[in-house]
Amino acid sequence: MKFRSVHEIHQLIRDKRRHQGHIRAEISNQYYQASDRPLDLHRRMVILMIDGRTLHGGMADRIRGCLGIYALCQKRDIPFRINWCYPFDLQLFLEPARYDWRIDPRQIVYETPYSQPVARYTFDLPGEEIWDRCAVARQLRSDSHTQYHLYTNTMLCRKAWSRSFGELFKPSPLLQQAIDENRRQLNGPYVSFTLRFQQLLGDFREGPFPVLEEPERERLIEKCLDKLAELIGCVPQSRRILVTSDSITFLNRVRQLPRTYVIPGEVAHMNYPGESQVFLKSFLDFYLIMGAEEVHLLQTGQMYRSGFPQFAAEIGRKPFIVHTF
């Protein structure tokens, strides 16, 4: 976390409160109605909402929100459910492991005060995890709503992430088949390298981020290929090299490097609709990065310092190394 002045921190706190209040009000006004449905404290539950009614971020944002809130609910013995239906049904790729988080959509009640939408988002503030954990815990302890519909990407209970992931999720048959096939292709131990370009290379739509002109694109690709080749030279010859990226353009070029393996498939971001099968690659990338002996992230210039590989490394309990060049 970079150093921030007191003024910057106060501004971020205001921005965070404003953002969360805006999301909560917008969702409440559009999708909830007042009713006299009686509250039922014996049926209290927290439902993690990924339903397309706001921007939810990428895969890492969504899953880390699930893990942190689940761990908090476990401490308070409150039932936890996941309503991940946008832009695909989560059960297409992940199924319950030891804890059943599924919920029938007909059980979700959009009536106040029986249910309450809650927004809680990370804003890179000092001590934010403690602040958010206390705020959510206080609300669950003191409020009397029966259902809490939580929209969040918060980084809560980080030390419990790996355990929580194993309790919540296992690959669906579709995902497991893809994992097994790619591990057969890798054929042994491997090291992973991730590069995140966003829209820099012009082949991926993601928000208002910059797009480089053609000459700058080629210079960036060559710079990254050179650095990756240098790092591959430091990896023992017995190890394969898994390369993941959000740019098909770069992935097509990286195949020229020795020992590299690129997972087949298209690339898509979860904030944008698409065919469900397209998103399989995101989960496949995640599981294969988790299985690497070491996880590396390369970042230079305007490239994004992605949290995706670090998150996979934390879940898989693997070393994580950042190369800024």
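Two strands count as paired if DSSP finds at least two bridges between them. Helices (H or I, at least four residues) and strands (E, at least two) are DSSP runs, numbered from the N terminus.

**Ground rules**

I'm working on a predicted model, where local features need pLDDT of at least 70, side-chain atom pairs count only at pLDDT 80 or more, and totals for chains, interfaces and linings use all residues. Residues are numbered from 1 along each chain as its sequence is written, and side-chain values use heavy atoms, with hydrogens and water left out.

**Entry 1**

I found an open sheet of four strands in the order 3-2-7-6, with parallel pairing. Strand 3 (80-84) and strand 6 are the edge strands with a single partner each, so one side of each has no neighbour in the sheet. On average, neighbouring strands here are turned by 25 degrees against each other, direction ignored.

Next I checked one pair. Strand 2 (residues 45-50) and strand 3 run parallel and are joined by five bridges. In that pairing, I50 sits opposite W84 of strand 3.

Then I asked what lies on the sheet. Helix 3 packs there and touches strand 2, strand 6 and strand 7 (147-152), contact being heavy atoms within 4.5 Å. The direction of helix 3 makes about 175 degrees with that of strand 6. For such angles, axes are lines fitted to C-alpha atoms (for helices, over the stretch in contact), and values run from 0 to 180 degrees between N-to-C directions.

Helix 4 (residues 161-168) packs against helix 9 (residues 308-316) at about 80 degrees, with the axes 7 Å apart. That makes helix 4 roughly perpendicular to helix 9; the cut-offs are under 35 degrees for roughly parallel, over 145 for roughly antiparallel, 65 to 115 for roughly perpendicular, and oblique for the rest. I see W161, S162 and F165 of helix 4 meeting F311, E314 and I315 of helix 9. By class, that contact has four nonpolar, one polar and one charged residue. In this scheme Ala, Val, Leu, Ile, Met, Phe, Trp, Tyr, Cys and Pro are nonpolar, Asp, Glu, Lys and Arg are charged, and the others, Gly among them, are polar.

I also looked at helix 2 against helix 4. Their axes come within 9 Å and cross at roughly 95 degrees, and the two helices are therefore roughly perpendicular to each other. On the helix 2 side I listed I63, R64, C66, L67, G68, Y70 and A71, which meet W161, S164, F165, E167 and L168 in helix 4. These split into eight nonpolar, two polar and two charged.

I wrote the rules down before looking. On a 1 Å grid over the protein atoms alone, a cavity is a set of points where a 1.4 Å probe fits but cannot get out; a pocket is an open set with protein on both sides within 12 Å along at least five of seven lines; lining residues have an atom within 4 Å of a point. Points are joined across faces, edges and corners, and a volume is the space filled by probe spheres set on them.

There are two cavities of 30 Å³ or more. The largest cavity holds about 60 Å³. Its lining is V46, I69, L72, C73, V118, V136, Q139, L140, Y148 and L150, and the elements giving two or more residues are helix 2 (59-76), helix 3 and strand 7. I count this lining by class as nine nonpolar, one polar and no charged residues.

The second largest cavity has about 30 Å³ of space. Strand 2 gives the most to its lining, with three residues.

The second largest pocket has a volume of about 170 Å³. Helix 1 gives the most to the lining of this pocket, with five residues. Among the lining residues I noted K16, R17, R24, R120 and W131.

Most residues other than glycine have a negative phi, and most peptide bonds are trans. I looked for exceptions.

- The Y86 to P87 peptide bond is cis, with omega near -5 degrees; P87 lies in the loop between strand 3 and strand 4 (94-96).
- The T112 to P113 bond is cis, with omega near 5 degrees.
- D124 is not a glycine but has a positive phi of about 60 degrees, and it is found in the loop between strand 6 and helix 3.
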